[in-house]
Amino acid sequence: MSLLIKNAIIINADRMHKEPQDILIEKGTIVKIGKGISADGTKVFDAAGKLVFPGLIDMHVHLREPGREDKETIETGSRAAAKGGFTTVLCMPNTTPVIDNAMIVEAILKEARRVGLVNVIPVGAITRGQNGEELTDMFELKQAGCLALSDDGKTVGNSRLMRLAMEYSRMTGLFLIEHCQDPDLWCKGVMNEGDVSTVLGLKGDPGISETVIVGRDIELARYLNARIHLAHMSLKRSVELIRFAKSQGIAVTAEACPHHFTLTDEAVKTFDTNTKVNPPLRTREDVDAIKEGLKDGTIDCIVTDHAPHTAEEKEMDYDHAPYGMIGLETAVGLTVTELVEKKVLSWTQMAERMSAAPARIAGLANKGVIREGADADITIIDPEKVWEVRKEDIVSKSKNSPFIGRKLKGAVVTTIYGGKITYQSS
Amino acid sequence: MTMPSKILDHDAIRRAVSRVAHEVLEKNKGTGGLCIVGIRTRGAVLAERLKECIRQIEGAEVPVGILDITLYRDDLTLIDTQPVVRETSIHFDITDKKVVLVDDVLFTGRTIRAALDALIDFGRPANIQLAVLIDRGHRELPIRADYVGKNIPTSLNQNVKVVLEEVDSRADEVVVEERSKEARDKDAEKKK
Amino acid sequence: MTTEWTHKDLLDVKDLSREEIELVLETAKSFKEVSARDVKKVPALRGKTVVMLFFENSTRTRASFELAAKRLSADTINISAGGSSLSKGETVLDTARNLEAMNIDAIVVRHPSSGVPDVLARHLKAVVINAGDGCRAHPTQALLDLFTIKEKLGKIDGLKVGIVGDILHSRVARSNIWGFNKLGARVTVCGPSTLMPPGVEKLGIKVTNDIDELIRESDVLMLLRLQKERQENQFLPSVREYAKRFGVNQERLKQAKKDIVIMHPGPTNRGVELSAEVADGEYSVILDQVTNGVAVRMAVLYLLLGKGKSKVEEGNV
């Protein structure tokens with residue numbers, strides 16, 4: 001099976017090729033890049049006027065299977081990922097049961113392969129059952145196919161246990177992803193603690209719940225000479241701490257979500273439960289700092305924290321509605337609209353934050369770049385297309401997005417995963 | 001459009017109130033058990049004037065109360081503009097009293113119907129009599145006045161406007177004017 | 001008066017203009033007179049149905065609203081969380097949609113979570129009246145407090161008002177702050193620092209921990225109920241210490257202005273936020289607040305269930 005992409009403006013993290021080129025794909029691999037390639041009997045795809053990115057990688061999604069197939073399944077989640085331009089996703093372990101043993105990892109991989117729309121890499125739990133008490137069998141998880149471990153949804157609250165997890169996981173080659181939120185300081189706040197929560201009378205999550213864990217984990221990583229990846233950073237102060245840590249040569253990486261560089265806590269004023277997310281939407285100052293962090297590389301990558309929830313759950317009152325919003329299908333539009341259009345990121349930086357950096361962090365050697373010999377994971381984007389996020393167009397099983405009704409610039413035209421077209425816009 | 005025509009002037013109104021005062025006293029054989037309740041706003045003014053006339057004639061004080069009938073209106077949920085509720089002040093017991101209810105214009109009778117309901121919530125009077133400055137006809141309910149200052153035959157396309165110095169800050173008069181076409185159309189629309 | 005009442009719902013005092021607040025207070029005066037009659041009932045809302053949808057216990061507020069609705073001849077139904085299908089997993093919105101399908105005219109809602117009345121108001125044709133949501137708003141309480149102060153002191157403008165207690169968790173404090181600000185009073189909030197919401201001073205008020213200074217300055221002192229669980233949740237070392245440091249007693253009141261007005265939204269914790277002598281004393285208007293609550297709620301129901309704008313109408317009816 002082969003495919004020829006003609007007239008491609010290739011955007012790699014290190015370079016934007018000004019001249020259109022052709023990309024020949026055979027058996028899931030990019031075999032040739034150059035001008036005027038012709039191949040008889042090959043399916044030809046004309047990418048004139050479009051931008052051709054290495055397949056996008058989302059290091060942080062919730063696919064809900066097993067356990068909450070009413071919210072999302074590996075199949076529907078894969079479809080949403082492909083539509084959003086993603087070719088690899090790392091799915092978080094807070095399923096039911098938790099991804100804390102090889103059997104569940106294998107079951108997920110098997111189902112993901114059956115669906116075959118996106119490369120799904122399960123993230124194993126750091127602690128058994130994500131209960132924060134005992135470490136998982138990390139070698140077993142690694143062998144089953146995990147690349148990373150996380151108790152996402154919760155912080156590993158016990159600092160000693162986190163220390164042990166860092167030390168032990170280092171030996172396995174797995175890296176840890178921390179959901180940074182001190183549980184006692186968080187106190188189940190439903191929005192950012194500040195002027196807006198004061199007016200709305202909603203329980204606030206003080207930003208320090210995030211920053212004390214960011215600080216703790218940076219210190220642990222420094223002391224142990226270990227790696228740590230900090231999930232969904234939401235605060236100016238977190239960006240400052242990470243910038244400092246990086247300047248010290250500490251092996252810290254970090255990610256941020258489109259909603260944290262797009263929306264502020266003002267959005268909660270509608271009491272729309274689709275704005276309830278954890279960590280919560282913060283202030284304008286934080287939004288600006290996250291953008292700045294993405295610009296200068298303090299924040300390494302953009303992730304969606306795609307968190308599907310049913311309409312019934314989100315129809316509950318603000319205090320009781322679950323945290324989270326879907327994000328796979330709006331990530332490219334929001335990144336182009338909020339970052340590229342506003343000159344925060346260049347196109348190559350977008351390729352870095354959404355593909356090259358996550359590939360590097362996750363250790364995916366043949367992904368995150370368009371070059372001869374690399375995996376044929378490619379995302380083709382129309383940079384000029386303006387579109388409206390419409391509920392009826394969402395393919396994720398859940399529709400909990402605060403962006404419904406919003407006009408975005410930049411749309412995924414085609415997604416190619418392993419040389420196969422997994423999404424094609426109509 | 002025809003010019004508004006003045007039906008009563010200051011003196012005519014004074015004479016009409018004075019005549020009604022005499023009739024009230026004659027019919028009730030003095031002021032024993034008598035009280036006066038005026039309907040807000042102009043009925044209340046006329047009630048005060050009536051009381052003053054009675055005092056001058058008989059030398060007796062008759063208690064006067066003010067009734068706001070807003071909450072008893074039967075069109076409360078139909079009208080566009082919601083009327084402001086004002087206080088009712090009847091600081092005496094009306095039970096077993098002869099109540100003279102006073103209003104400026106008697107038209108459909110609906111205001112009086114509301115006022116009767118309201119009054120009965122305040123107690124059980126011996127009887128209720130109705131005194132109005134103007135009766136312009138077009139009753140929609142079986143209600144009639146016991147004392148009338150002046151009967152004025154009108155058409156439905158006319159408005160009767162009562163001006164009283166105490167509330168309008170200009171000389172008393174009663175005027176009949178043609179209603180504007182817009183106002184009539186609006187009414188017709190409402191009835192559909 | 002030609003103030004227009006344009007709101008479909010009453011969600012928060014924050015949404016009302018000064019004129020609209022004054023219209024409610026003015027209208028409430030007439031209803032207070034109705035409540036003083038032998039027959040305390042007028043037919044103004046005959047045929048209207050008002051649902052009391054209470055997801056949180058509240059004997060007083062519910063009784064007050066129910067009385068208000070009944071005195072206006074509306075029919076009332078009570079639905080409380082325990083007895084409704086909400087406890088069986090039905091969403092709030094679902095419950096409300098079901099109610100609306102029965103052609104009700106208004107919902108008086110109390111809910112432990114902020115914003116529920118707003119969400120209902122957005123989805124329902126019926127009038128929604130907020131009877132207290134989470135820690136956010138309790139508009140009728142604020143309106144009745146304003147009414148009571150105006151009745152006692154003749155004005156609101158320029159008064160110094162102290163609000164004492166657990167500001168963090170108080171919807172009464174929040175709604176009152178909006179109300180006082182709009183009517184020109186100057187508000188100082190006072191309480192333990194752990195029970196002050198962050199950035200509260202940005203609402204245009206002063207913050208202090210000194211109750212004695214506040215008592216000396218204030219024309220009105222509003223004391224909030226201290227929930228016992230605040231100690232359990234570690235906001236306070238002890239209720240005893242709170243009572244000593246922030247409780248108002250006769251001794252403390254000696255420093256106060258001669259005509260100070262002491263208010264409390266009830267129910268009071270005697271011996272905690274105020275002593276029994278103060279609660280029953282000459283400056284206390286706590287029972288007037290209860291009386292006025294009915295009148296103010298009648299005014300609110302009347303204004304919301306009536307139509308369009310409100311203004312004086314004269315003429316040939």
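Me: What sort of model is it, and how is the numbering done?

Reply: This is a predicted model: local features need pLDDT of at least 70, side-chain atom pairs count only at pLDDT 80 or more, and totals for chains, interfaces and linings use all residues. Residues are numbered from 1 along each chain as its sequence is written, while chains are lettered from A and ligands numbered from 1 in the order in which they are written.

Me: Back to Gly373(A). Is Gly373(A) buried or exposed?

Reply: Exposed, because Gly373(A) has 10 C-beta neighbours inside 10 Å. The cut-offs: buried is 20 or more other C-beta atoms within 10 Å of a residue's own, exposed is 12 or fewer, partly exposed is in between, with C-beta atoms placed from the backbone.

Me: Where does Gly373(A) lie?

Reply: In the loop between H13 and strand E17 (378-388) of chain A. Helices (H or I, at least four residues) and strands (E, at least two) are DSSP runs, numbered from the N terminus.

Me: How does the length of H13(A) check out?

Reply: It agrees. The expected span is 1.5 Å times one less than the number of residues. H13(A) has 16 residues (347-362), so it should span 22 Å, and its end C-alpha atoms are 22 Å apart.

Me: Where does H13(A) bend?

Reply: At Arg353(A), by about 45°. That is the angle between axes fitted to the seven residues ending there and the seven starting there. Just after the helix, Gly363(A) takes a positive phi of about 75°.

Me: How many residues of H13(A) are buried?

Reply: 13 of the 16, so H13(A) is largely enclosed by the rest of the structure.

Me: New topic. How is chain A divided into domains?

Reply: Domain 1 is 2-51 + 375-424 and domain 2 is 54-362. Those bounds come from an automatic or database domain assignment. Their centres, taken over C-alpha atoms, are 25 Å apart. 33 residues of domain 1 of chain A are in contact with 47 residues of domain 2 of chain A.

Me: Which element gives the largest share on the domain 1 side?

Reply: E18(A), with seven residues on the side that touches domain 2 of chain A. By class, that side of domain 1 of chain A has 18 nonpolar, nine polar and six charged residues. Ala, Val, Leu, Ile, Met, Phe, Trp, Tyr, Cys and Pro count as nonpolar, Asp, Glu, Lys and Arg as charged, and the others, Gly among them, as polar.

Me: And between chains, which pair shares the most contacts?

Reply: Chains B and C, of the two pairs of chains in contact. Chain A and chain B do not touch; their nearest C-alpha atoms are 30 Å apart.

Me: Last one. How many residues are in the largest nonpolar core?

Reply: 285. A nonpolar core is a set of buried Ala, Val, Leu, Ile, Met, Phe, Trp, Tyr and Cys residues joined through C-beta atoms within 7 Å. Those with the most contacts inside the largest core include Val52(A), Ala131(B) and Val108(C). Helix H12 (residues 286-305) of chain C gives the most to this core, with 11 residues.

Conventions. Two residues are in contact if their C-beta atoms, placed from the backbone, lie within 7 Å.
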